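Here is a short tour of some contacts in this model, from charged pairs to rings to packed helices. Have the structure open as you read.

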Amino acid sequence: MDRPTTMDLLKYFLYLGSLGFGGPVALVGYMQRDLVERRRWFTKEEYMKSLALSQLAPGPLAAQLAICLGYVHSRVAGATLVALAFVLPSFVMTVAIGWLYVRFGGLSWMQAAFYGVGATVIGIITIAAYKLARLTMAKDKLQWVIFAVMTVVTAWSESEFLSLFVLCGVVTMLAQAPPAWLKRPASACFMVVASPDLLLQILWFFAKAGAFVFGSGLAIVPFLYGGVVQEYRWLTDKQFLDAVAVAMLTPGPVVITVAFIGYLVAGLAGGTAAAVGVFLPTYLFVVIPYRWFDRFGENPQVKAFVNGVTAAAAGAIAGACVVLGRRAIFDLPTALIALAAFGLLWRLKVPEPILIAAAGVTGLTIFWIRGAL
């Protein structure tokens, strides 16, 4: 293993935050591919432990994993710098798109581009999910059973449950490394004036979203809809869907859509408050418990528990591929785009940003042809 300098690590996460398309599943896959397999900056064990803790903590998965790896590299300083490097590029892009949205009154062209991008993202995510499962589970039959169950549950329910991740960890622990006491005989024992009150309300709402929503960045969308559209009525249904489209079309963590929402509600101050609110719990839930998690990481029961949670995470990610696929692939052109993206990634290793750009142009072209007919 060749541990990178802090500057090298920050350059990588600036790159990933600037050009890492595909949402949480793809971003997790990129980190595995680049940092474990190709550059060998982190060991497989370090990556798997960080992934397990990230899945157990609330908030966006990709940002949690990045912060964990930063903590592994250089503790609190590394976690803090990596968090900033990973989030800032997509935050700046999202706020800029928010300004354009307000200035020109909508993003119909972006929805046309998303027609092609969404299908391409499914191809990217499928490859990432496959590699993650192959890396983390090897030939362990119990983990593959957990993987299959979590795939079905996530695809069917379209959500992720913390209790199931914990249960998978406990089942694996009991099967592979039961505590000593179990071995004893049975007889033993939009633009508005950003008032302080409004900014505080935005900060508090998005902090709750970051602290109590588990799973990938996409898992936060139903929670946001209930508050942003139904409770506070900050946005209309159409504006909220545009916000989700912005999140999928910009690189970095999908949950950065909160910056777009906050910008529409209260300008730059609102976007900043929303981003700080949603990422601060994520940062704290990783940095504070990691030392404890690392200290007991060699314990057989803890390692078995981590194996179960990791298998559950891989299964949930595979289930997310099904959920996203049902939304992004709905006609013949999107099916062909997804298959083409999968094939190009599998056989030719075409860089993901190039695929995303080509898919956006394809979507715009299809909409232009349909409008001309």
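## Salt bridges

A salt bridge here is a side-chain nitrogen of Lys or Arg within 4 Å of a carboxyl oxygen of Asp or Glu. Before the pairs, some ground rules: this is a predicted model, where local features need pLDDT of at least 70, side-chain atom pairs count only at pLDDT 80 or more, and totals for chains, interfaces and linings use all residues. Residues are numbered from 1 along each chain as its sequence is written, and side-chain values use heavy atoms, with hydrogens and water left out.

The whole structure has 4 salt bridges. One of them joins Asp34 to Arg33, with 2.9 Å between the closest N and O atoms. Asp34 and Arg33 are both buried; buried means under 20% relative accessible area, exposed over 50%, and partly exposed in between, using a 1.4 Å probe and protein chains only.

(Helices are DSSP runs of H or I, at least four residues, and strands are runs of E, at least two, numbered from the N terminus.) Arg3 is partly exposed at 30% relative accessible area, whereas Glu46 is buried at 17%.

Arg370 and Asp331 also pair up, with their closest N and O atoms 3.4 Å apart. Arg370 belongs to helix 14 (residues 352–372) and Asp331 to the loop between helix 12 and helix 13 (332–348), so the bridge ties together parts 39 residues apart in sequence. Arg370 is partly exposed at 42%, and Asp331 is partly exposed at 22%.

## Aromatic rings

What about the rings? The structure holds 11 aromatic pairs, counting rings of Phe, Tyr and Trp (its six-membered ring) whose centres lie within 6.5 Å; planes under 30 degrees apart are stacked, over 60 edge-to-face, and the rest tilted. Phe205 and Tyr232 make an edge-to-face pair, 5.6 Å centre to centre with 80° between the planes. Phe205 is in helix 8 (residues 196–212) and Tyr232 in the loop between helix 9 (221–231) and helix 10 (237–249), 27 residues apart. Phe205 is buried at 2% relative accessible area, while Tyr232 counts as partly exposed at 23%.

Phe205 also pairs edge-to-face with Trp234, at 6.0 Å centre to centre and 85° between the planes. Trp234 lies in the loop between helix 9 and helix 10 and Phe205 in helix 8, so this pair ties together parts 29 residues apart in sequence. Elsewhere, Tyr12, Phe13, Tyr15 and Phe86 form one aromatic cluster.

## Helix 3 against helix 12

The axes of helix 3 (residues 44–56) and helix 12 (residues 300–328) come within 9 Å and cross at roughly 70°; axes are lines fitted to C-alpha atoms, for helices over the stretch in contact, with angles from 0 to 180 degrees between N-to-C directions. That makes helix 3 roughly perpendicular to helix 12 (65 to 115 degrees; under 35 is roughly parallel, over 145 roughly antiparallel, the rest oblique).

Contact means heavy atoms within 4.5 Å. On the helix 3 side the contact residues include Met48, Leu51 and Leu56, and on the helix 12 side they include Phe305, Val309 and Ala313.
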